[in-house]
Amino acid sequence: MKIAFTICSNNYLAQAKVLGDSLLQKDPNYKFVIGLCDEFSDAIDYTFFENIEIIPVAKINIYCFEEIIKKYHIVELNTSIKPSFFKYFIEKYDDLESIIYFDPDIQIFNDFYSIEEFLKVNDILLTPHILKPVSVDNLKPVENTFLNFGIYNLGFIALNPKSKNTSKLLNWWEERTLKIGFDKVCDGLFVDQLWINLVPLFFDKVKIIRELGFNVAPWNLHERNNIKKIDQGYLMEDNSKLIFYHFSSYNYKTPNILSKYYNRYDKILLSSEVNKLYSQYHEKLIKNKVDEFSKIDCFYSKEEISKIEKRKSVFTILKNNLLPPIVLRLLRK
């Protein structure tokens, strides 16, 4: 068995479906799973996600789950559970050959043959944010962006599920994401990502992928803007195939803005092929109900948790005042 998975809340399900559909089209040998950092919503018809399994995070039995949903905001929560989902799949499937994580805002453009070849001799595959220097100017991103937020982008990580080396990595990583997986850059903390700077030092058989076609994104277009269309996909400047593009921070409501965080490139400066990639991605988001899903609040957002806690407190007070059972049953609803 081969598994590729993502993690998102209900409001990001359109992006996750674009990822899943493209993945299953390009490499149908993989089982694609959405780890739902949320609870199932009555507002969603989940049969829309044909051939995609959705597993709510509450079902994987994270030991400190009640604690982390109270202390983390929604991005911290989504990223903190990544190692736990890896461990869940590895423990569940004895015949697991390879396991890959992708952020939900990624689209797949080729099969995973090269990833599987890398995993034959390596246990951990990482992609750097950038491979070439960035000019020192007033534009973003700059090199110190990645010194703050991480050298490697954790929108992708692939692991050998049968390696003890992988098991050691996941135990080490999970402890940190569940205990101190905060977005506090000034304190040297950035969710699950910044820790991975240490992985090539702490663990063996780590492959840093240098081919340009892995994890193309708005932060590395200074070195990856030259993309050519070929018969069955796209070719990068180093003649590697485009495996996946990371449409990070793309907002379908403002299609002319590449990313709310970066201004080094805009639609005007992009090559025609990169512009086309964004245009087709925009269309796929619309087709997959992004407007509908994006309006759904996450059950585990701090605001929702606060409302639940208040309701529980009110119910406890009323219960202690010995209201009739029939009234208590109505209040529970």
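Is lysine 276 buried, partly exposed or exposed, and what is its relative accessible area? In this predicted model, lysine 276 is partly exposed, with a relative accessible area of 48%. Its salt-bridge partner is glutamate 273, and the N to O distance is 3.8 Å. Glutamate 273 is buried, at 14% relative accessible area. Both residues lie in helix 10. They are three residues apart, so about one helical turn separates them.

Salt bridges were then examined across the structure. The count comes to 13. One of them joins the side chains of glutamate 116 and lysine 2, at 3.1 Å from N to O. Glutamate 116 belongs to helix 5, whereas lysine 2 belongs to strand 1 (residues 2-8). The pair therefore ties together parts that are 114 residues apart in sequence. Lysine 2 is buried, with a relative accessible area of 17%. Another salt bridge is formed by lysine 71 and glutamate 67, whose closest N and O atoms are 3.5 Å apart. Here both partners lie in helix 2 (residues 65-71). Glutamate 67 counts as partly exposed, at 46% relative accessibility. Shared partners also occur: Glu175, Arg176 and Lys179 are joined into one network of salt bridges.

Aspartate 123 presents another arrangement. The residue is placed in the loop between helix 5 (113-119) and strand 6 (124-126). Aspartate 123 is buried, yet has no salt bridge. Lysine 205 is the nearest side chain of opposite charge, 4.9 Å away. A salt bridge requires a side-chain nitrogen of Lys or Arg within 4 Å of a carboxyl oxygen of Asp or Glu. A polar contact of 3.3 Å does join the side chains of aspartate 123 and asparagine 165. Beyond its neighbours within four places in sequence, aspartate 123 is in contact with Ala158, Leu159, Asn160, Ser163, Asn165, Thr166 and Lys205.

Aromatic rings were considered next. The whole structure holds 35 aromatic pairs. Tryptophan 172 is buried, with a relative accessible area of 12%. Phenylalanine 202 is partly exposed, at 47% relative accessibility.

Tyrosine 245 and tyrosine 278 form an edge-to-face pair, 5.5 Å centre to centre with 85° between the planes. This pair also links distant parts of the chain, 33 residues apart. Tyrosine 245 is in strand 13 (residues 244-246) and tyrosine 278 is in helix 10 (residues 272-287). Both tyrosine 245 and tyrosine 278 are buried. Ring pairs also build a cluster, which links Phe5, Phe85, Phe86, Tyr88, Phe89, Tyr101 and Trp173.

Rings also meet charged groups. The charged end of lysine 229 sits over the ring of tyrosine 234, 5.3 Å from the ring centre. Likewise, the charged end of lysine 289 sits over the ring of phenylalanine 48, at 4.1 Å from the centre.

Definitions and conventions
Residues numbered from 1 in each chain as written. Predicted model: local features only at pLDDT ≥ 70, side-chain atom pairs only at ≥ 80, totals over all residues. Heavy atoms only, no water. Helix = DSSP H or I, 4+ residues; strand = E, 2+ residues; numbered from the N terminus. Buried < 20%, exposed > 50% of the residue type's maximum accessible area, 1.4 Å probe, protein only. Lys, Arg positive; Asp, Glu negative; His and termini not counted. Polar contact = N/O pair within 3.5 Å; in protein donor to acceptor, adjacent residues only side chain to side chain. Contact = heavy atoms within 4.5 Å. Phe/Tyr/Trp six-rings, centres within 6.5 Å; stacked < 30°, edge-to-face > 60°. Lys NZ or Arg CZ within 6 Å of the ring centre and 35° of its normal.
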